[in-house]
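Let's take a walk through this structure together, one stop after another. Keep the picture open beside the text and find each place as we come to it.

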Amino acid sequence: MTVFTPPASQLDRAAGPESRPAPWSGMLWVTWRQHRGLLIGVSVVFCAAVAGLLVTGLRIHHDYALLTACRPAALPACQGLSTFFNSTDWHEGEYPHIAVQGAPVLIAMFAGPPVVARELEARTYRYAWTQGIGRVRWTAAKLALLGSLLTIMAFAISQLLTWFFAPFMTTQQLTDLTPTVFDTSGLSYAAWTLTAFCLGVFLGALLRSTLPAMAVTLGAYVSLAAATWFYLRDHYPVNTFWPMQLFEAGWLLALSAALIAGTIWLVRRYAA
Amino acid sequence: MNVLTLPAQPGQDTAPRPVPWRRMAWVTWRQQRATLIAVPTVLAAVAVFLVVFGLKAHHDYAALLNCPLDQGQQSNACAKLFSTFNSTDWPLANTVGILVQLAPVLIGAFAGAPLLARALENGTYRFAWTQGLMRERQAIAKLALLGVTLVVLAWAFGELFSWFFQPFLWTEQISRLTEGAFASSGIVFPAFTLVAFAIGAFLGMLLRRVIPALAATLGVYLAVRLGAWALRGQYPVTVVTSNANQFSAFGTPSQPGFAWILSTWYTGPGGKPANQSAVGQLLEQYQSNPHPTVSVGQTLAEHGYTEWNRWIPPSHYWPMQFIEAGWLLVLAVALMAGTVWLVRHRAA
């Protein structure tokens, strides 16, 4: 029997494209397919929030311009404007502010845990993690795509909210360092959203079950936020706005990186 | 071949009997033990915090009881006590109060949404619903057992929170009848928990997926809370009065709390509607005087105006609680009936 066997060196070259890992760009499509519910939902809410903040914000800024232009301030007509601004306009400004503050909690609960935990729960990781791209790149690509999208959206919303809320800083006598304002301005909001997402993903990978991960992530995120509000911020080495923002964004970013590293380590450890 | 046959005995019942209800208690425990263990554990942990912090708050509050609420009448020692209380105890209590508002929907959504939806999502309903116990009975038993457990736990937690929050009702001049305090006390807090649970179970059957049902439960519950808030001012317990002086009497800690003033309007001489801007100017003039010699009511009376208030006295707290808990209970039962109907009529 004659068997043709090419020499070993030729075998390597002849192995062809199957031995190269699949390209990263393939993960764009996979992430879209697997998470289109999340991506569509978050995009719809984002667009609605931008539209709402723009429309209401323009009206509030218009009313505030009228208020500041009204002189002398003791005139009954100007007092009337002031009363109106502090009641009707303040309500229109207060509730969106509260809603935006609550968004990272919802991100922590709904966006993070299903990313890895759903595969583990449904046992589809046996298929997904044995594809050409490999489980580490699979997870890293998904986290990078979803995480950066959420962070960019959060940053945009926080900048828009800062513009939206600017008139109330004077009328409600708030400062940049008031906790509710500090949370939603500068880099803080985007950093908290990213941390919320990474916390959810890590706990999902750790607990391997979506619903318990959602509950635990909620508890962990609320505890972290409360600890920061009531304790940590008092012990920062700086106490003016931008240095504090940079410090907070810094440690939140470090925490997010650690959580992502932890997630990838867990993903590597699981026997498929 | 010899075959032994026994004729059918007339007294024997050969029709299959449905499985007795008490078996469902065991099935519910096995299926729901994660929820049934986790919810009491989390509530107990928060309860420990409430007890520890609440004892401190009550201790600080006892020192304040002899001080008047009106800042203009406080001595230096009283003002200092109040300011310490408002900077150390109140911010944390306020945050806890806001989080407790979320407790009913979180408990209800996490317990209710996966109740039936998880079996549908996993496909295990094909096994579970074809057991000896009919599918409607399974659903009714699970809803009833879990519903009763959650109501009892929520009621106990609500009572503890009411005790915790009681000092702040006086120091922050919050009426027990207003949204935050009313919905987290008495029988309305467990009623909201039950409604959230019922919404979760119903949406779980409707949407057949756990996480969309969870998200939808949060949205629907928010709508129910806002609706309850809007409805509360329409309950047939309001009083209209022209005696505005009685409101200052609610400031002492021995009173059952502050009244809820729904609206204020002014009439001129002879009961005719007053010129609002004229009244507004008069009030601003009065408020700009730091040491008034007469009360605001007298000032208005001198100009022929009468202040009318539509308000709810704090003594009407329990009638309002019963009205609200009543319609919430009806809503919850209707949703559970809808859930059982969906179980019966959905092939899957």
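**A guided walk through the two chains**

Val240(B) has Arg310(B), a residue of β3(B), as its bridge partner. Keep in mind as you look that this is a predicted model.

Val240(B) and Arg310(B) are bridge partners, and the strands to look for are β1 (residues 239–241) and β3 (residues 306–312) of chain B, which run antiparallel and are joined by three bridges. Now turn to strand β2 (residues 260–267) of chain B, which pairs with β3(B) over seven bridges, again in the antiparallel sense.

In what order do the three strands of the open sheet lie? Reading across chain B, the order is β1-β3-β2, with antiparallel pairing. β1 and β2 of chain B are the edge strands, each pairing on one side only. From one strand to the next, the twist averages 20 degrees.

Let's step back and look at how chain B is divided. Its domain assignment gives two domains: domain 1 is made of 22–48 + 103–234 + 316–345, and domain 2 covers 239–315. Where the two are in contact, domain 1 of chain B supplies 11 residues and domain 2 of chain B supplies 10. On the domain 1 side of this contact in chain B, five residues are nonpolar, five are polar and one is charged.

Next, find a helix. Helix α6 of chain B spans residues 188–207, which makes 20 residues. From its first C-alpha to its last, α6(B) reaches 28 Å, close to the 28 Å expected at 1.5 Å a residue. Why is α6(B) described as largely enclosed by the rest of the structure? The reason is that 18 of its 20 residues are buried. Just after α6(B) comes Arg208(B), with a positive phi of about 60 degrees.

Most residues other than glycine have a negative phi, and most peptide bonds are trans. In chain A, Gln173(A) has a positive phi near 55 degrees, and it sits in the loop between α6 (135–171) and α7 (179–183) of chain A. Gln173(A) counts as exposed because it has 8 C-beta neighbours inside 10 Å. In chain B, Gln173(B) also has a positive phi near 55 degrees, and its place is the loop between α4 (135–171) and α5 (179–183) of chain B. With 12 other C-beta atoms within 10 Å, Gln173(B) is exposed.

For the peptide bond, go to chain A. The bond that joins Arg71(A) and Pro72(A) is cis, with omega about -5 degrees. You will find Pro72(A) in the loop between α2 (26–69) and α3 (76–111) of chain A.

While you are in chain A, look for Gln131(A), in the loop between α5 (125–128) and α6 of chain A. Is Gln131(A) exposed or partly exposed? With 14 other C-beta atoms within 10 Å, Gln131(A) is partly exposed. Leaving aside its neighbours within four places in sequence, Gln131(A) is in contact with Ala22(A) and Trp138(A). Gly250(A) is 119 residues from Gln131(A) along the chain, and their C-alpha atoms are 35 Å apart.

For another pair, go back to chain B and find Gln31(B) in helix α1 (residues 22–64). Gln31(B) is partly exposed, with 19 C-beta neighbours inside 10 Å. Although Gln31(B) and Lys142(B) are 111 residues apart along the chain, 9.5 Å separates their C-alpha atoms.

Our last stop is the place where the chains meet. Here 10 residues of chain B are in contact with nine residues of chain A. On the chain B side, α2 (76–122), α7 (210–232) and α8 (276–287) each give two or more residues. α2(B) provides the largest share, four residues. By type, the chain B side of this contact has seven nonpolar residues, two polar and one charged.

Key: Residues numbered from 1 in each chain as written. Chains lettered and ligands numbered in written order. Predicted model: local features only at pLDDT ≥ 70, side-chain atom pairs only at ≥ 80, totals over all residues. Domains from an automatic or database assignment. Contact = placed C-beta atoms within 7 Å. Nonpolar A, V, L, I, M, F, W, Y, C, P; charged D, E, K, R; others polar. Expected span 1.5 Å × (residues − 1). Pairing = 2+ DSSP bridges. Axes fitted to C-alpha atoms, helices over the stretch in contact; angles between N-to-C directions.
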